Amino acid sequence: MKKVMFVLFVASMFALASCGGPSEGDIKSLDSLNAQLDQALNDLNTTIDSTVTTTIDSTVAPK
């Protein structure tokens, strides 16, 4: 899902660049998409970090 959103973002950037640049509305829409992608990446990193911590904590042998 994240790869699809990234591909759409890159494709829209190329399309806008070939049309002479984005309008103000396009810039706001891309800023919004960029913020959503940042949030999704932060959520993914948090999930991965918590999964790694849980895995490490649960595999340590008791003393």
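**Labels and their grounds**

Author: In this predicted model, Leu41, Leu44, Ile48 and Val52 make a nonpolar surface patch of about 310 Å².

Reader: Why is Leu41 called partly exposed?

Author: Buried means under 20% relative accessible area and exposed means over 50%. Leu41 has a relative accessible area of 46%, so Leu41 is partly exposed. A patch residue needs over 30%, and Leu41 belongs to the patch. Leu41 lies in helix α2, residues 24–59.

Reader: How do you know that the length of helix α1 agrees with its number of residues?

Author: Helix α1 covers residues 2–18, which is 17 residues. The expected span is 1.5 Å times one less than the number of residues, so α1 should span 24 Å; its end C-alpha atoms are 24 Å apart, which agrees. After α1 comes Gly20, with a positive phi near 95°.

Reader: What makes up the protein, and how much of it is buried?

Author: The protein has 2 helices and 0 strands. Of its 63 residues, 6% are buried. Carbon and sulfur atoms account for 65% of an accessible surface of about 5,200 Å².

Conventions. Residues are numbered from 1 along each chain as its sequence is written. This is a predicted model: local features need pLDDT of at least 70, side-chain atom pairs count only at pLDDT 80 or more; totals for chains, interfaces and linings use all residues. Side-chain values use heavy atoms; hydrogens and water are left out. Helices (H or I, at least four residues) and strands (E, at least two) are DSSP runs, numbered from the N terminus. Buried means under 20% relative accessible area, exposed over 50%, partly exposed in between (1.4 Å probe, protein chains only). Accessible areas come from the Shrake-Rupley method with a 1.4 Å probe; for residues, only the protein chains shown count as cover. Patches are made of residues with over 30% relative accessible area and no salt bridge: like charges are joined within 9 Å, nonpolar side chains (Val, Leu, Ile, Met, Phe, Trp, Tyr) within 5 Å. A salt bridge is a side-chain nitrogen of Lys or Arg within 4 Å of a carboxyl oxygen of Asp or Glu.
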